[in-house]
Amino acid sequence: MIPEAQPPHRADNDVPPSKLRARRLGIDTQHEAVVFMRHDCHVCRSEGLTAHARIQLTHGQRSIIATLYHVRSDLLQPEEAGLSEPAWRRLGLKGGEEIVVSHAPTPESLSRLRAKVYGQRLDEGSLGNILSDVVAGRYSDIHLSSFITACAARSLDRPETTALTRAMVDIGDKLEWNVRPVMDKHSVGGLPGNRTTPIVVAIVAAHGLTIPKTSSRAITSPAGTADTMETMAPVDLDIAAMRRVVEREGGCIVWGGAVRLSPADDILIRIERALDLDNGGQLVASVLSKKVAAGSTHLVIDMPVGPTAKIRTPEAAAAVSASLLEVSEAFGIRTKIVAADGTQPVGRGIGPALEARDVLSVLQNAADAPADLRERALALAGALLELAEVVRGDGLDVARQTLADGRAWKKFQRICEAQGGMRQPPLAAHQRPQPAEQGGHVSRIDNRRIAKVAKLAGAPDGKAAGVQLLKRLGDRVEPGEPLFVVHAETRGELAYAMQYLAANRDIVTVADG
């Protein structure tokens with residue numbers, strides 16, 4: 001369970017606790033617990049609580065840390081405290097209850113964070129204390145940003161990376177399976193459309209192997225694997241439901257947030273991506289903590305390398321690969337890393353439903369299925385089959401045959417049915433092509449900016465929104481020929497995306513010749 005902040009302790013001769021009546025404001029502050037109080041209420045005045053202070057709220061045996069904002073209007077009565085949705089849920093309130101308000105204690109682990117800022121190493125105990133405070137909500141976003149920045153500027157060495165991975169595992173739930181091996185795959189990311197997981201899971205599970213895949217939703221990208229899979233089947237399965245699917249079909253593709261594996265990682269990723277900081281040690285701990293917690297024994301990692309991918313150079317790929325392999329070995333996970341081209345998106349679709357249509361076309365052996373997505377998925381599935389030592393000969397050839405003869409498609413359908421029923425990915429109501437301004441050959445595709453177009457069009461919240469690529473690197477283009485099509489669910493979102501394109505015409509570069 002997530003450790004809660006401890007209720008305030010008061011001796012018999014202490015002053016009575018400061019209380020306010022809780023009121024639900026219906027304000028969604030996403031991850032952060034927020035409380036709103038009148039600046040002139042008796043609690044703020046007696047306790048000296050200033051705006052943006054960290055305060056402790058207690059109801060019964062539940063206690064949380066929240067950020068305070070002052071209200072200077074009649075939105076609240078002086079005896080009321082308005083709570084955001086996260087704060088309301090964590091306190092388990094129903095309405096009208098009194099809550100105790102007090103100063104939040106300073107997290108003791110901040111002293112270790114400051115030590116890292118000044119160049120000292122963090123041992124396993126220090127990292128465990130820091131992550132316990134992180135998951136309990138005792139760290140503000142400012143504290144979290146400091147931790148992320150300190151670990152990026154004062155790079156984590158190998159023992160620190162291993163200790164961080166272990167601390168992340170220990171703070172969350174763990175899955176255990178009564179079979180061996182337990183297969184898994186992961187993509188380092190940074191490449192739009194790289195939706196190989198459903199294909200890989202179907203191929204591997206079709207060979208009788210166990211592959212319980214937990215996947216993420218998008219944070220700053222146009223789609224996560226869970227977002228894409230959700231357009232084809234339910235993914236919000238708890239651990240019991242996930243086990244039933246795996247026991248029945250050998251594999252699943254579910255949202256990792258529903259099973260609470262390595263919850264500290266989910267919090268740190270949110271801050272890391274907002275800061276746009278690449279941190280090799282945290283990347284390794286992020287990947288492997290969830291694999292260890294999921295009970296994986298054999299792992300293949302897809303590592304795209306390219307100028308606008310997450311891993312941008314061969315040198316960076318070599319360094320991250322060495323760390324991944326060494327830390328994997330420390331946890332007893334057999335790991336293989338497959339380096340791949342990261343210079344352009346994979347497949348044609350960027351956005352949940354568009355990527356799902358690519359996946360389905362590959363699984364159904366459609367004549368127009370994107371060849372790059374098919375070949376990348378086959379390479380990963382083949383590597384897993386070889387790692388498990390269940391095939392004779394070339395794993396790639398076996399994976400290709402499994403896809404070609406329809407076994408992978410049949411297995412995927414059964415997995416979808418076991419997860420709650422197969423769905424048809426939606427279509428966008430509004431579509432607009434982006435024409436080439438000149439003829440020539442496609443010489444460059446900016447992964448990050450094409451992903452931004454998809455997000456402006458509404459992805460991932462708009463499941464049908466995104467970008468459909470029509471041309472790839474090296475393709476011949478005539479003047480006025482469409483390079484890609486923007487898909488949106490509303491006219492307003494389509495307009496936002498087109499405005500951005502008007503100011504960024506070189507997202508897909510066409511060179512003369």
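This is a predicted model: local features need pLDDT of at least 70, side-chain atom pairs count only at pLDDT 80 or more; totals for chains, interfaces and linings use all residues.
Residues are numbered from 1 along each chain as its sequence is written, and side-chain values use heavy atoms, with hydrogens and water left out.

**The sheet**

- Three strands form an open sheet with antiparallel pairing in the order S16-S14-S18, where strands (E, at least two residues) and helices (H or I, at least four) are DSSP runs numbered from the N terminus, and two strands pair if DSSP finds at least two bridges between them.
- Strand S16 (476-477) and strand S18 (508-511) are the edge strands, each of which pairs on one side only.
- Strand S14 (residues 440-445) runs antiparallel to S16 and is joined to S16 by two bridges, and glycine 440 stands opposite valine 477 in S16.

**Salt bridges and their exposure**

- The structure holds 37 salt bridges, a salt bridge being a side-chain nitrogen of Lys or Arg within 4 Å of a carboxyl oxygen of Asp or Glu.
- One of these is formed by the side chains of arginine 334 and glutamate 389, with an N to O distance of 3.6 Å; because arginine 334 lies in strand S11 (residues 334-341) and glutamate 389 in the loop between helix H14 (371-388) and helix H15 (395-404), the pair ties together parts that are 55 residues apart in sequence.
- Arginine 334 is partly exposed at 41% relative accessibility, whereas glutamate 389, at 61%, is exposed; here buried means under 20% relative accessible area, exposed means over 50%, and partly exposed lies in between, for a 1.4 Å probe and protein chains only.
- Arginine 374 and glutamate 375 form a salt bridge in which the closest N and O atoms are 3.3 Å apart, and the relative accessibility is 25% for arginine 374, which counts as partly exposed, and 30% for glutamate 375, which also counts as partly exposed.
- A salt bridge of 3.5 Å, N to O, joins the side chains of aspartate 446 and arginine 444; aspartate 446 counts as buried at 8% relative accessibility, while arginine 444 is partly exposed with a relative accessible area of 38%.
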